[in-house]
Amino acid sequence: MDLKNLKINSKFQAPPSNVVCRRSWKLVFGALLFCFVTSGCVSLKPHPVSQPIASKPYRGVYHVHSSFSPDSKASLPTIIRTAKQAGLDFVIVTDRNNHSAAAAYEKMKINESDPKLFFGVEVTTSDGHLTALGIPSTPEKGKPSQSTIDGIHEQGGYALIAHPASIERPWTHWDVKNFDGLEIYNFKYASQQNAGMSKAFQKMFSSSNFFLKSLLKTPYTELTIWDRLLKERKVIGVAAVDAQISKSWKSFSDGNFLMQFQAVTLYALADELKEKSVLDAVGKGRTFMAFEVFGSARDFSFTVQDGSNVQAAGSEVSFKEGMDFQVKVPGEAEIRLIRDGQIVQRIQSRDMMHKIQAKGTYRVEVYRKGKLWIFTNPIWIS
Ligand SMILES: [Zn+2]
C-alpha cells in the first residue's frame, strides 16, 4: 500500500434520502431491557436470541507499558491501582521486547475484585513496532516484520501494527502480508503530535476531561488506511493508550497516568474475563472502542440478526434477504454506518436500523459534536 497516495476521507457520501430511522416501541423496550440486564440490576439469564454473541462487553485499555519495559516506570501495582480508579475490568500490558511482567504478575497476590492484567508484547521490527498477543515467548527484536509476523502466527498469536501513521515511529512496510490488525488510534503519539499546546493546557487545567477533549482528533489517516486494507482482506482495528510513566522528564505523559487510562477505552465482547478469551476477542475484532470523555459507551451495541443468533462486531455472516443491522447508542449522537469505506446511512439519533441490501464489510462510527466518540470493528456480510 502506498501511503503517499492516500486521500483523507473527510468528505463522506451522504446517506440515501429515503433511509429513515424506524423507532418502534419494541426497539425502545428492547434497549431498556438490554441496559437493565447488562448493568447487573437483575440476575436474569438473558434469552440467547436477544443477546449478541458475547453478552457482556468488558471494559479495558490496550497497550500499556510497565516498569519491565525500558520506557516506563509504572509498576504492576500502580497499573492495577490506576485501572481500578478508572473503573476498568482489564489492562493489556505490552512491554517492549519482553514478557517479564507476565511472570511477575503470576507471583503477585491479586484481589479477586481487582482489574485483571493480560499480557502481550510490543516487538521492535526493522519496519516498525508490532504488538503480539496470545503468544508464550517473545519474538527476537530487530528482524524483518514478515518473519516476525509469521513467527507470531506459528505460536498461535495475533500480530497488530502499532501507531502506523505516527510521525516519530511510522510503519514503513505496507507490502507485508497477513498481519491481523492495526492501531487506528494511539493516544501517546496523537497527543505528542498536538504537543504544541498540550503541556501548557495540562498545567493550566485541572480537569482531565477538558484537556482530553481539547486534544482528541478523529484519526482520519488511520481510518482511511484501514478502509483500504479492508477492501483487500479481513483486518481488525484497535485503539491504544500506549500509556507509560516515562523515564524522560520531557515526556508529556509524566504525572498523569490516570488520564492516559481515561483517554480511549476498548470494550471486548469476550465470553469471560480471562486472558485467552479477551485477547482472542481483540485479535478477532470482537471489540468496539470509545473516547469516553464524550460519554460512557458501555451500553453501545452494533448487531445483526442471523437466524436465531445475534452477531456482533468481528463476526462473519452469510447474506440473507431481510437482514437488518441494529445500532444502539447510549445517548443521542451522529451514527454512521460505513460499507466498504463509504457511508451508507447517517442519522442523528440513539439508534439505527438498516436493512442490508448488499454484501460487504460494514462498520460503525459514532460522533458527538463533530468528534469521534465510538468506532467498531466490522461485521462481514459475505
Ligand atoms: Zn511503539
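A: The answer below begins with the metal site and then moves to the strands, charged pairs and core.

This is a predicted model, in which local features need pLDDT of at least 70 and side-chain atom pairs count only at pLDDT 80 or more, while totals for chains, interfaces and linings use all residues. Residues are numbered from 1 along each chain as its sequence is written, and side-chain values use heavy atoms, with hydrogens and water left out.

The zinc ion has three named ligands: E122 through OE, H129 through ND1 and H163 through NE2. Their distances run from 1.9 to 2.3 Å. A donor here is an N, O or S atom within 2.8 Å of the metal (3.2 Å for Na, K and Ca). Water is not among the atoms, so the site may look incomplete. Along the chain the donors are spaced E-x6-H-x33-H. E122 sits in strand β3 (residues 116-125), and H163 in the loop between β5 (158-161) and β6 (181-186). The two are 41 residues apart, so this pair links distant parts of the chain. Strands are DSSP runs of E, at least two residues long, numbered from the N terminus. E122 and H163 are both buried, meaning under 20% relative accessible area; exposed is over 50% and partly exposed lies in between (1.4 Å probe, protein chains only).

Next, strand β5. Both of its faces are covered. Y158 and L160 are buried on one side, A159 and I161 on the other. In a regular strand, side chains alternate between the two faces of the sheet. Strand β4 (residues 128-133) runs antiparallel to β5, joined by four bridges. Strands pair when DSSP finds at least two bridges between them. A132 stands opposite A159. On to β6: it runs parallel to β5, with two bridges. There, I161 stands opposite L182.

Now the charges. A salt bridge is a side-chain nitrogen of Lys or Arg within 4 Å of a carboxyl oxygen of Asp or Glu. The count by this rule is 15. E292 pairs with R59, with the closest N and O atoms 2.6 Å apart. Because E292 lies in the loop between β9 (287-290) and β10 (301-306), and R59 in strand β1 (residues 57-64), the pair ties together parts 233 residues apart in sequence. Both E292 and R59 are buried. R336 and E334 also form a salt bridge, again with 2.6 Å between the closest N and O atoms, and both are buried. K143 and E140 meet at 3.8 Å, N to O. K143 is partly exposed at 35% relative accessibility, whereas E140 is exposed at 56%.

Then the core. A nonpolar core is a set of buried Ala, Val, Leu, Ile, Met, Phe, Trp, Tyr and Cys residues joined through side-chain atoms within 4.5 Å. The largest has 105 residues, and I79, V91 and F261 touch the most other members. Strand β13 (residues 324-339) gives the most to it, six residues. Beyond four places in sequence, I79 touches residues including V64, V93, L117 and F257. Contact means heavy atoms within 4.5 Å.

Last, confidence. pLDDT is the predictor's confidence in each residue, from 0 to 100. The chain averages 84, and 80% of the residues score at least 70. Over residues 2-54 the pLDDT is below 50. It also stays under 50 over residues 249-254. Where pLDDT is low, the predicted coordinates should not be read in detail.
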